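Please keep the structure open while you read.

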Amino acid sequence: MAPEWSITETKAYQQKLLIPGTNKRKFFGILEKPNLPPSAPSVSYKIFMFGKSGSGKTWTMNRLSGQEVSWQHTETLGIQCCMVYWPMKIGNRLILFRLEIWDAGDSSIKRYNHVLPACRESVDAVLVCVSASDREGWTDLPRTLSAASQPTDRAAIIVIATRWDSLAHREVTEAEVEAFESSHGIPVIKMGSGADDQTEELSYMAPVLNFLCKRLWQRDQELLSIK
């Protein structure tokens, strides 16, 4: 990766993600993509959101795609997908990451046998969501992880701890997160409501998207080394 990539250059490419004249990210359809230089190669990844009902899967997907979010829980019906584009520089090359994110409602997974296999098919990463205000969900996280993917998936596993900034209701400590990461070798991304000002949304989410894309790229290099 190229952490030395200048802020000016980064912002110039990130502006391509925004609705013209605003600081709000554009929602890209299946046939759309940002207007980046033709020489910039793109890589595509499929990401599956996994977790119990109310853990923040849809909320996380909306945060990753720059859409409006609500903490009011509404069960997702069936499967919903969205495309997230993120430009990063690897070495001396600009690469456009295309993240195809899949979210399925817990009740739909339990009711229809085809939903979970469809979400898992050719998956590159699984984001396991757990609410920091749900002590039972955190305690049950190892079991949730075992159900998140199959050994044949070779998917990158990342835990998303939602509602992290809700200090009055948080039931998970920093020490517990560090102990989990150390014992399981799985990174935990702590996400809260973030900036109240929509103009700061991209800056707030940039580190999360950077980390996710880096992990996916590293996962590819690990698989290539195995082959």
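## Ground rules

This is a predicted model, so local features need pLDDT of at least 70, side-chain atom pairs count only at pLDDT 80 or more, and totals for chains, interfaces and linings use all residues. Residues are numbered from 1 along each chain as its sequence is written, and side-chain values use heavy atoms, with hydrogens and water left out.

## Overall make-up

The protein has 8 helices and 6 strands. Here helices (H or I, at least four residues) and strands (E, at least two) are DSSP runs, numbered from the N terminus. Read from that end, the order of elements is α-β-α-β-β-α-α-β-α-α-β-α-β-α.

Of the 227 residues, 48% count as buried. Buried means under 20% relative accessible area, exposed over 50%, and partly exposed in between, with a 1.4 Å probe and protein chains only. The accessible surface comes to about 11,900 Å², and 52% of this belongs to carbon and sulfur atoms. These areas come from the Shrake-Rupley method with a 1.4 Å probe; for residues, only the protein chains shown count as cover. Contact means heavy atoms within 4.5 Å. Among contacts between residues at least 6 apart in sequence, 73% join residues at least 24 apart.

## The nonpolar cores

A nonpolar core is a set of buried Ala, Val, Leu, Ile, Met, Phe, Trp, Tyr and Cys residues joined through side-chain atoms within 4.5 Å. The largest one has 39 residues, and those with the most contacts inside it are Ile47, Trp86, Phe97, Leu99, Ile101 and Leu127. At least two residues each come from strands E1 (42-50), E2 (79-90), E3 (93-104), E4 (125-131) and E5 (156-162), and from helices H2 (57-65) and H8 (201-226). Helix H8 gives the most to this core, with 9 residues.

Leaving aside neighbours within four places in sequence, Phe97 is in contact with Val43, Tyr45, Val84, Tyr85, Trp86, Met88, Ile90, Cys213 and Trp217. A second, separate core has 27 residues, including Ile109, Val123, Val126 and Leu141.

## Strand pairing

Two strands pair if DSSP finds at least two bridges between them. E1 and E3 pair in the parallel sense over 8 bridges, with Phe48 having Trp102 in E3 as its bridge partner. E1 also runs parallel to E4, joined by 4 bridges, and here Phe50 stands opposite Val128 in E4.

Asp103 lies in strand E3 and counts as buried because its relative accessibility is 0%. Its side chain is joined to that of Thr58 by a polar contact of 2.5 Å. A polar contact is a pair of N or O atoms within 3.5 Å; within protein, one must be able to donate a hydrogen and the other to accept it, and residues adjacent in sequence count only if both atoms are side-chain atoms. Asp103 and Met49 are 54 residues apart in sequence, yet 5.2 Å apart in space, C-alpha to C-alpha.

Glu100 is also placed in E3. The side chains of Glu100 and Arg98 make a polar contact at 3.5 Å. Not counting residues up to four places away in sequence, Glu100 touches Tyr45, Lys46, Ile47, Cys82 and Met83.

## Helix H2 and the positive phi angles

H2 is mostly covered, with 8 of its 9 residues buried; among them are Lys57, Trp59, Asn62 and Arg63. Just after H2, Gly66 takes a positive phi of about 75°.

Ser122 has a positive phi of about 55° although it is not a glycine. Ser122 is found in the loop between helix H4 (115-120) and E4, and counts as exposed because its relative accessibility is 59%. Arg163 is not a glycine either, and has a positive phi of about 60°. Arg163 lies in the loop between E5 and helix H7 (174-184) and, at 18% relative accessibility, counts as buried.

## Cysteines

How many disulfides are there? With a disulfide taken as a pair of cysteine sulfur atoms within 2.5 Å, the count comes to 0. The sulfur of Cys82 is 7.9 Å from the closest cysteine sulfur, in Cys81, which is too far for a bond. Cys82 is buried at 4% relative accessibility, and Cys129 is buried with a relative accessible area of 3%.
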